[in-house]
Structures are given as C-alpha cells and as structure tokens.
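The sequence and the coordinates come first.

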Amino acid sequence: MPEGRTILYVSEDNEFMEAAKKAAEELSLDEKHRTGAVVVKSGKILGAGANGAKFHQIIGCVRKFINAPTGEWYAICPGCSPKEHAEQTALRGSRKTHSVVEIEGSDLYLWGHWWCCESCWKAMIDANVKNVFLSEGAYEKFNGGRK
C-alpha cells in the first residue's frame with residue numbers, strides 16, 4: 001500500500017458500494033471474479049467500471065488456470081493488464097464526461113476485491129482520488145481462501 005494511504009470500509013448496503021456491485025454484475029467481462037468500481041464526488045457518481053478483457057471471455061485467464069498469486073504474474077496473461085481492472089476502467093469512465101479537475105478529490109468504491117494493486121494505486125493517486133472504500137469483510141468474502 002502506498003505510504004500515507006489507507007483503505008476504508010463501508011457496509012455492502014452503502015449506496016455507492018451497491019453501485020459498484022451493480023457495475024461488476026453488469027459490466028465485468030470476468031465471469032469468475034466480477035469486480036466493479038465507481039468514482040464518487042459530492043454524493044454523485046462520476047463514472048463506473050469493471051474488470052476483465054475480451055480475452056478472458058474467449059480464452060479465460062491464464063493466471064487463474066495456474067493459480068497465480070493475486071497481484072502477481074500479470075505478464076503471462078494478455079487479458080490481465082491492470083488497465084483492465086475495475087479501478088482504472090472506472091477512472092476512464094469518469095474522464096469520458098468529466099474533466100480532470102472535476103475528478104480531483106473524489107472517492108473510489110470497489111466491490112468484488114479485497115485490495116488494490118500497485119498499478120491501480122498509482123492511477124488513483126495520479127487522478128487525485130482522495131479515499132478508497134471496500135466493503136466490510138471484503139478479504140474474507142472475496143479472497144477465496146488464499147493467504
């Protein structure tokens with residue numbers, strides 16, 4: 001986790017966490033591990049995104065076939081670019097209709113995962129995202145038993 005950053009937690013029934021879950025259900029291209037995110041500022045959703053790439057729909061995830069550790073070995077799966085993670089697709093979705101200045105100071109709500117990778121943290125820091133929220137119990141719910 002980047003220095004000076006923390007992850008905050010909200011209940012699954014938080015309206016923005018529910019919106020992130022809806023983004024995962026409706027937009028994710030990874031049927032086995034749907035993840036969604038929304039970018040929020042001043043109580044308004046600026047954009048939504050979800051994980052996955054068309055490659056996963058056709059071939060599947062090479063990393064999952066070999067049980068790669070989470071957050072590692074992205075290079076072996078052409079569909080696992082961090083640019084296709086929910087956090088980064090939500091930021092891109094926000095930029096489609098909002099300026100960089102409008103996005104600054106926003107919060108990001110992530111459903112379907114229990115952490116953010118280094119590349120996503122960098123993208124969120126570059127976009128001046130203020131807070132990152134996960135759902136309470138995310139590690140237990142979405143980790144699939146991995147340590």
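The model is predicted, so local features need pLDDT of at least 70, side-chain atom pairs count only at pLDDT 80 or more, and totals for chains, interfaces and linings use all residues. Residues are numbered from 1 along each chain as its sequence is written, and side-chain values use heavy atoms, with hydrogens and water left out.

**Salt bridges**

Side chains of opposite charge can pair when their charged atoms come close. A salt bridge here requires a side-chain nitrogen of Lys or Arg within 4 Å of a carboxyl oxygen of Asp or Glu. By this rule there are two salt bridges. One joins the side chains of Glu12 and Lys141, with an N to O distance of 3.1 Å. This pair links distant parts of the chain, 129 residues apart: Glu12 sits in the loop between strand 1 (7–10) and helix 1, and Lys141 in helix 7. Helices (H or I, at least four residues) and strands (E, at least two) are DSSP runs numbered from the N terminus.

In the other bridge, the closest N and O atoms of Lys122 and Asp126 are 2.9 Å apart. Both residues belong to helix 6 (residues 118–126), where they are four residues apart, about one turn of the helix.

**Accessibility**

Residues are classed by relative accessible area: buried is under 20%, exposed is over 50%, and partly exposed is in between (1.4 Å probe, protein chains only). Values for several residues are tabulated below.

| Residue | Relative accessible area | Class |
|---|---|---|
| Glu12 | 25% | partly exposed |
| Lys141 | 48% | partly exposed |
| Asp126 | 52% | exposed |
| Phe65 | 57% | exposed |
| Lys32 | 74% | exposed |

**Surface patches**

Patches consist of residues with over 30% relative accessible area and no salt bridge, like charges being joined within 9 Å and nonpolar side chains (Val, Leu, Ile, Met, Phe, Trp, Tyr) within 5 Å. Areas come from the Shrake-Rupley method with a 1.4 Å probe, and for residues only the protein chains shown count as cover. A nonpolar patch on the surface is made of Phe65, Ile66, Trp73 and Ile76, which together have about 430 Å² of accessible area. Of these, Phe65 belongs to helix 3 (residues 62–65).

Asp13, Glu15, Glu18 and Glu136 form a negative surface patch. For charges, Lys and Arg count as positive and Asp and Glu as negative, while His and the chain ends are not counted; each charge is placed at NZ of Lys, CZ of Arg, CG of Asp or CD of Glu. Glu136 lies in the loop between strand 5 (131–135) and helix 7 (138–142).

**Loop residues**

The loop between helix 1 (15–27) and strand 2 (36–41) contains Thr35, which is buried because its relative accessibility is 3%. With contact meaning heavy atoms within 4.5 Å, and neighbours within four places in sequence left aside, the partners of Thr35 include Ala24, Gly49, Leu110, Trp111 and His113. Lys32 is located in the loop between helix 1 and strand 2.

Val129, in the loop between helix 6 and strand 5, is buried at 2% relative accessibility. Not counting residues up to four places away, Val129 touches Arg5, Leu91, Ser106, Asp107, Leu108 and Met124. Asn128 also lies in the loop between helix 6 and strand 5; Asn128 is not a glycine, yet has a positive phi of about 60°. Ser42, in the loop between strand 2 and strand 3 (44–50), has phi near 50°, a positive value in a residue other than glycine.
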